[in-house]
Every structure is written in structure tokens, then in C-alpha cells.
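Please look over the structure shown here. A short report on selected features comes after it.

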Amino acid sequence: MGRLITMTMKMENRSIEEKILLAVTAAAILILSPFLIKSIIENNTLRIIVDLIAVGGISFIFIGVWFTSNVKLFSGLFAIIAHVTILFGIHIVGSELIFWLFPIIIASFYLLPTVIACVLNSLLITIAGLLTYQDFEHFSLPLIMASFVVTGVFSLIFSLFMQRKNRQLLEKDKINQLRNTILELIASSSKLSKVLNTVVQGIENELPGTICSISIVDDTATQLRLIAAPSFPDFYKEAVDVIPIKKGVGSCGEAAALGIRVFVSDIASHPNWTPWAQLAHKAQLVSCWSEPIISHHGNILGTIAIYFNAYVTLTDNEFTLVEQFVNLTRIAIERDKADNIIWHQANFDTLTQLPNRHLLNEHLSNAIDNAERDKKQLVIAMLDLDKFKDVNDSLGHAAGDSVLIECASRIKNSIRKNDIVARLGGDEFIIAFVGTTSPEDIDKIGQKLLTTLAQPYVIEQKNFYCTASIGLACYPNDGLTIDALMTNADQAMYRAKTRGRNSIHYFTENMSTDFLKRMEMIDDLRTAVEQQQFHLVYQPIVDLRTHQITKAEALIRWHHPQKGMISPIEFIPIAEEIGLIVEISEWIFNQVSQQAHEWRQRYCANLSISINTSPVQYRNEGKLVKAWADSLIAQGISSEAISIEITEHLLMENQAEVVEALEKLRQQGITISIDDFGTGYCSFSYLKNFAFDYLKIDQSFVQNMSIDNNDAALCEAIIVMAGKLNMQVIAEGIETEEQKQLLVAAGCTLGQGYLLSKPLSVADFEQLLIKQNQ
């Protein structure tokens with residue numbers, strides 16, 4: 001069984017010629033063996049000798065082919081043995097074997113070259129006739145000889161026909177093999193130059209006496225660049241490396257411009273070839289055929305140029321052949337373009353065209369390896385645009401995209417050639433300063449970035465300013481891995497933001513601790529919102545002359561189950577940053593509005609409670625705070641029960657958007673206070689554009705007041721100015737009787753501070769109101 005399997009496998013691996021010869025010899029042995037057996041039975045010695053020679057010779061051929069696979073040698077031997085054996089048999093046995101000449105004549109044209117077969121068959125027929133002419137009548141012998149000749153002629157014609165067909169099949173098979181080779185290269189994403197060089201070599205092999213080149217359209221779509229021309233001399237490659245796509249420019253330039261086949265039979269005399277005629281003559285190029293390569297969408301991808309060293313006339317077969325290669329070239333170019341597009345989309349940010357996180361990791365891995373090998377420093381910078389969300393919220397995402405594109409361009413123009421910049425997402429960018437060795441270099445590039453990015457961005461013909469915060473981490477001091485460096489750079493960037501933005505900050509060890517504390521604070525805040533761990537206290541705002549309470553400020557307090565009281569100074573900025581301030585503010589509004597409504601009905605009909613607001617609530621045209629006014633109306637609560645406090649910083653940064661929202665609130669009866677007045681730089685200019693109800697003097701002025709210092713004079717000036725603008729003044733942070741008396745003397749009517757009352761719980765404030773009524 002094992003031998004049978006082995007023999008089957010041997011047959012499957014043999015060529016078609018081997019299989020045919022083995023089959024013919026095996027069939028001959030099977031046919032002749034019974035004759036040999038019959039001769040033995042009849043004890044016919046002469047026949048035994050002839051049959052034995054025939055069977056033995058053919059068996060020898062079979063064994064030789066089986067073990068050597070040398071078809072050519074044993075085919076010749078088979079034919080010669082057949083010729084010799086049959087003549088020997090006729091000589092010994094007689095004319096009765098002459099009819100075996102028919103299969104031998106036919107087989108000779110398959111087993112031997114045509115000329116040799118013709119010679120041997122002629123000799124075979126002649127010698128057989130000489131040996132048997134006495135055995136036939138004068139009429140039969142010519143008929144037999146004529147039949148042999150006719151058989152030979154027909155066999156010759158059929159042999160020539162089959163040889164021609166074989167050549168055509170072999171040629172077609174050769175082209176198919178070449179086509180398959182090219183398609184395999186394309187499918188395996190081989191380099192385009194390798195694929196096109198294979199195409200060129202295939203054309204040159206199929207069209208002897210030619211040399212070929214392939215050029216493709218460059219990114220500008222205005223010229224052709226030479227990609228494959230392995231047989232061109234170097235001087236000619238340089239001359240045709242770049243060809244304009246234009247009518248009248250060579251053969252390829254015109255073929256690409258018109259999108260049609262161009263054939264120039266005489267390069268030397270053709271006007272299109274004047275600039276290159278001498279070079280073509282030097283390269284022994286006489287004629288040129290240029291075929292355009294056109295995509296499925298009708299776009300020109302390139303050209304194939306075929307040069308001839310003599311005047312030629314092209315045939316339809318040649319046109320068909322080259323068209324096949326043009327199609328293969330088109331497939332290769334389009335596949336390469338598709339691969340490039342896919343690779344680009346996978347590795348580059350679609351908006352800014354900067355490397356994305358995937359490609360950045362690859363670049364950083366190489367940069368870290370190089371830094372480790374060369375013992376050099378690598379600095380990672382995390383860059384984040386300050387208040388970029390305001391651009392999207394106020395001007396729309398299209399404007400935000402414009403800022404990001406311009407920002408990416410400015411960063412690329414500010415860093416060095418070897419540095420790497422990538423966009424992580426949103427308004428976050430990563431820059432790797434490769435090979436930077438000194439803090440001075442880093443500071444110089446960093447300051448250049450800050451200055452460049454702080455320049456105005458022109459959006460809708462208006463200037464918009466958007467600065468940046470940058471955090472730096474150094475390899476190997478601040479981290480040995482990409483993740484560690486990026487995490488530490490991010491922490492440093494956050495520190496730059498918390499310290500005023502538009503600045504650079506280096507990573508330090510204590511930032512990791514601060515970062516962990518911040519993450520813990522964020523988790524605790526989310527839990528506090530879910531479990532309502534907050535409560536409100538109310539600090540009275542007192543009439544300094546009558547000591548009556550008609551206003552109060554609601555202040556949030558957070559009592560953590562394990563950590564105790566946490567100051568609003570600690571958690572409010574983080575709540576604003578992560579967006580939780582919206583939920584917290586909504587909770588405060590609901591609590592205060594209900595409480596104020598109850599107190600107004602029971603104890604103080606004109607009571608007003610102030611609520612502090614966050615810049616986050618004024619985004620999207622102030623929809624969140626506008627909704628408060630609608631909510632009061634829906635609940636049947638007087639709008640005068642609530643007062644809104646804003647900081648002048650907020651008004652200065654988002655004046656148009658904030659003023660529009662506040663105007664809507666005032667129209668519905670909600671009063672507006674400016675908190676911490678005097679700490680917002682030169683802020684007086686906006687007071688003339690908007691009528692506020694209250695102005696709260698910052699406690700830093702009040703607490704330093706005395707009869708003979710500037711703070712008292714400033715407070716008095718603020719009070720006078722507010723009176724001229726029809727605003728009431730509330731002085732914050734009153735802690736001494738002297739401060740109170742100075743404020744009263746200056747004309748201040750309302751005050752707030754520990755001298756008058758500390759922040760009170762709901763029950764204590766309610767008792768204060770009850771006592772005031774009594």
C-alpha cells in the first residue's frame with residue numbers, strides 16, 4: 001500500500017511529457033507482450049527474438065524515464081529502437097510486420113525533432129520497401145509505399161500544426177505566469193517600484209529589441225516622475241526623470257495630457273522630441289510608443305513608454321499584449337494609492353494631518369531607543385490650549401477646527417526639523433524634543449511656542465486669543481516608558497494650568513502625589529453628588545444703619561464622611577473643570593429657591609438670597625442660568641427671591657455672551673451682583689455697558705481699611721462711583737467696628753462679614769429672621 005501511494009505521488013509530480021511517454025511505453029509493452037507469449041508457445045525462434053528485442057527495448061525506455069525523467073533522451077532512444085527493431089523484424093520474420101510502420105511513422109514526429117523524424121521515416125520506408133518488394137505484387141507494393149508516404153506527410157503537417165499550437169500555448173502560459181507573478185506582488189503589498197520593474201522586464205521580454213519605462217503622475221498632477229526603467233542608461237534616466245504633462249512634450253507628456261496612445265515612429269525628426277532628440281540618439285532609441293494608464297474614474301495615473309531601436313510597425317497582438325500590462329500597472333498603482341490612504345488614515349489625524357497616537361507611539365519608541373543608545377536626553381511636552389472649549393461653545397465647532405488647524409501649523413513651524421509633534425485628540429498635542437541636551441534649549445523652544453500660540457486667531461474676521469499650557473517630562477529622569485513620560489507630562493501641564501495658564505511647567509516628584517490626590521478628590525466629588533453630601537449655610541447681608549436683614553448669601557459646604565469638612569476653595573475649581581459644577585449648581589438653586597420662598601412667606605417678604613454662579617453655566621448662550629428664571633416662574637416663586645452673583649473675571653473673559661444672559665435674567669426680575677469687585681484688573685470700562693444691581697467690594701480692600709490708608713480711599717471711590725451708576729454697594733469681609741464705621745461714613749449701606757454674622761445653618765438663620773420680626 002505504501003509503495004502504491006509513493007508511485008502515485010511520483011506520477012503527480014511528473015511533467016505532462018513524462019506522463020505521455022510512460023503511458024505510450026507501458027501501452028506498447030502491454031500490446032507486444034501477448035505476441036511474445038504467442039511466439040514462445042509456438043516455439044518460433046525468430047519471432048521470439050524480434051518480440052523479445054521489442055519488449056525489452058521498450059521496457060528499458062520505460063525504466064529509464066521512470067527513474068531519470070530525461071524525456072528528451074529516452075524519446076529519441078524509443079524512436080530509434082522502434083525503427084531498428086521493426087526493420088530487424090521485417091528482415092528476419094518477413095513482410096507481415098511491415099504494417100507496424102504506420103504507428104512508428106506517426107510516433108516519430110512526436111518523439112523526435114521534425115527534420116530528424118522526416119529523415120528517419122524516409123529511410124524506414126525505403127529500407128522496408130527494399131526488404132519486402134519481392135513479397136508483394138507489382139501493384140500492391142506501390143500502394144503500400146504510397147500509404148506510408150501519405151501517413152508521413154499527414155503526420156508531418158499535424159506535427160507542425162501542433163508545434164505551432166504548443167508555442168502559442170507556451171507563450172500564453174508564459175504571459176499568464178508573468179501576470180500571476182505581478183498580481184502576487186500586488187497582493188502581497190510589495191513596493192510599487194518592485195512591481196513596476198517586473199512589469200517593465202515582462203514587456204521587454206515579450207517585445208525583443210525594446211526597452212521600457214513607467215512614469216506616474218506626481219502629487220501636483222502636473223508632471224510625470226520616472227519610477228521604473230531598469231534598462232535605461234543613467235544619463236537618459238536623469239533627462240526624463242521629470243516630464244511635464246502637456247501636449248507637445250515628448251510622447252509621455254502628450255499621452256498623459258490627452259489620455260490617448262501616442263506613437264512616434266522617428267524620434268529624431270519629431271517636434272515633440274526636440275529637447276531630447278540627441279540624448280535619444282545617444283541611447284540608440286529610434287521610435288517611441290507611449291500608452292496612458294487611466295484609473296477606473298478616468299484619471300491619468302501615469303504612462304508606459306516602449307522604445308524601439310529601429311523603425312517598426314505595430315501589430316494588433318502587440319497592442320493587446322501591452323494593454324494587458326497597462327491594466328496590471330493600473331491595478332498596482334491604484335492598490336499602492338489605496339494602501340497609502342489606509343496607512344495615512346490609520347496613522348494621521350484627519351483634521352490637522354499631524355501624526356496620531358498610534359504613529360506617535362512608534363516614533364517615541366524609536367526616539368527612546370536612540371536616546372538610550374546615544375546617552376542623550378529626550379523631552380516630552382504635553383500642550384493643551386487654554387479655554388479652547390469657549391471657542392466651540394461660543395463660535396461653533398467649525399471655528400474650533402480652524403483654531404486647531406492653525407495651532408498645528410504654528411507648532412510645526414516653531415519646533416526643529418527632528419522634533420516630533422502629534423495630536424492626541426481634542427486640543428491636546430504632544431511634542432517630543434529629540435536630542436535636546438540643555439534646559440536653555442528647552443526653555444527657548446517652549447517660550448517660542450507660547451509666544452506663537454498666543455498670537456490672535458482670526459475667526460470670522462475677528463481676532464480671538466487662545467493661549468497654551470505646556471507640561472514637560474524628561475527621559476530618563478522622569479520616566480523610562482512612553483506611558484510614564486506622557487502621564488508625567490500631563491501632570492506638569494495640569495500644574496501649568498492651575499498656576500495661571502499660558503506657561504510652561506516641568507514635572508516634579510511631588511506632582512505624582514498631587515495627581516493622586518486630585519484623582520481621589522474627583523472620585524469623592526462624584527460620590528458626594530450621588531449621595532448628596534453637601535449642605536448650605538447662609539451668611540446674612542445686613543443694612544449697616546438699621547441692622548435689618550433683607551439679603552443673604554448661600555454658601556455650599558461639604559462634609560466628607562471620613563475626611564470631615566472640605567473647603568469650597570479645594571473642590572469648586574475641580575468641579576468646574578470636570579463639569580460637576582453644573583449638577584452642584586442645579587442642586588443649590590433648587591434648595592435656595594424653595595428655602596427663600598418659604599422664608600419670604602413666613603418671616604421676611606422682601607428677602608433675597610444670592611447664589612454664586614460658575615463660568616461653565618454661561619456657555620451655550622447661558623442656557624443653564626436662563627432656565628432658572630423659567631423654573632421660578634413655573635414654581636410660582638417670585639424672581640426677587642433670588643439674586644445671581646458673578647465675578648468680574650467672568651465678565652471680562654466672556655463679556656458678550658455673559659451680558660446677554662444676565663440681561664435676560666434682569667428682565668425677568670432677578671437681581672445681579674458683581675462679586676469680588678476690584679480684583680479683576682482694569683474692570684471699570686464694562687460698568688458703563690451694563691446696569692448691575694449690586695456691587696460687592698472685595699474683602700481684601702475692606703479688611704485693610706483704616707482712617708489714613710489708601711484702601712479706605714479706594715472703598716470710598718468705589719461707593720461714590722456705584723452710587724452715580726445707580727448700584728447699591730455691599731462690603732464683604734467686615735470684621736471690626738472701625739471698618740463698619742468707615743464704610744457707613746463713606747456711604748455704604750450694606751455689609752457682610754464675621755462682625756455682623758458668620759454663615760449660619762438653616763435653623764440658625766431662620767431663628768435670626770424670627771428674632772428680627774419680634
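## Basis

This is a predicted model: local features need pLDDT of at least 70, side-chain atom pairs count only at pLDDT 80 or more, and totals for chains, interfaces and linings use all residues. Residues are numbered from 1 along each chain as its sequence is written, and side-chain values use heavy atoms, without hydrogens and water.

Helices (H or I, at least four residues) and strands (E, at least two) are DSSP runs, numbered from the N terminus.

## Helix packing: α4 and α6

Helix α4 spans residues 71-92 and helix α6 spans residues 114-132. Their axes come within 10 Å and cross at roughly 5°. That makes α4 roughly parallel to α6. Axes are lines fitted to C-alpha atoms, for helices over the stretch in contact, and angles run from 0 to 180 degrees between N-to-C directions. Angles under 35 degrees count as roughly parallel, over 145 as roughly antiparallel, 65 to 115 as roughly perpendicular and the rest as oblique.

On the α4 side, the contact (heavy atoms within 4.5 Å) is made by His-83, Ile-86, Leu-87, Ile-90 and His-91. The α6 side includes Leu-120, Leu-124 and Ile-127. By class, the contact has eight nonpolar, four polar and no charged residues. Here Ala, Val, Leu, Ile, Met, Phe, Trp, Tyr, Cys and Pro count as nonpolar, Asp, Glu, Lys and Arg as charged, and the others, Gly among them, as polar.

## Helix packing: α8 and α12

Helix α8 (residues 192-206) packs on helix α12 (residues 316-347) at an angle of about 175°. The axes lie 10 Å apart. The two helices are therefore roughly antiparallel to each other.

Among the contact residues are Val-195, Val-199 and Glu-206 in α8, and Phe-325, Ala-332 and Asp-336 in α12. The contact divides into nine nonpolar, two polar and two charged residues.

## Aromatic pair

A search of the whole structure finds 16 aromatic pairs. Rings of Phe, Tyr and Trp (its six-membered ring) pair if their centres lie within 6.5 Å; planes under 30 degrees apart count as stacked, over 60 as edge-to-face and the rest as tilted. One of the pairs is Phe-534 with Phe-571, which is tilted: 5.8 Å centre to centre, 35° between the planes. Phe-534 lies in strand β14 (residues 534-543) and Phe-571 in helix α19 (residues 568-578), so the pair ties together parts that are 37 residues apart in sequence.

## Backbone features

Most residues other than glycine have a negative phi, and most peptide bonds are trans. Ala-221 has a positive phi of about 60°. Ala-221 sits in the loop between β1 and β2 (223-228).

A cis peptide bond joins Tyr-475 and Pro-476, with omega about 5°. Pro-476 is in the loop between β12 (468-475) and α17 (482-498).

## Cavity

The largest cavity is lined by 15 residues. Val-240, Ile-243, Cys-252, Trp-273 and Tyr-307 lie nearest its centre. On a 1 Å grid over the protein atoms alone, a cavity is a set of points where a 1.4 Å probe fits but cannot get out; lining residues have an atom within 4 Å of a point. By class, the lining has 10 nonpolar, five polar and no charged residues.

Notes: On a 1 Å grid over the protein atoms alone, a cavity is a set of points where a 1.4 Å probe fits but cannot get out, and a pocket is an open set with protein on both sides within 12 Å along at least five of seven lines; lining residues have an atom within 4 Å of a point.
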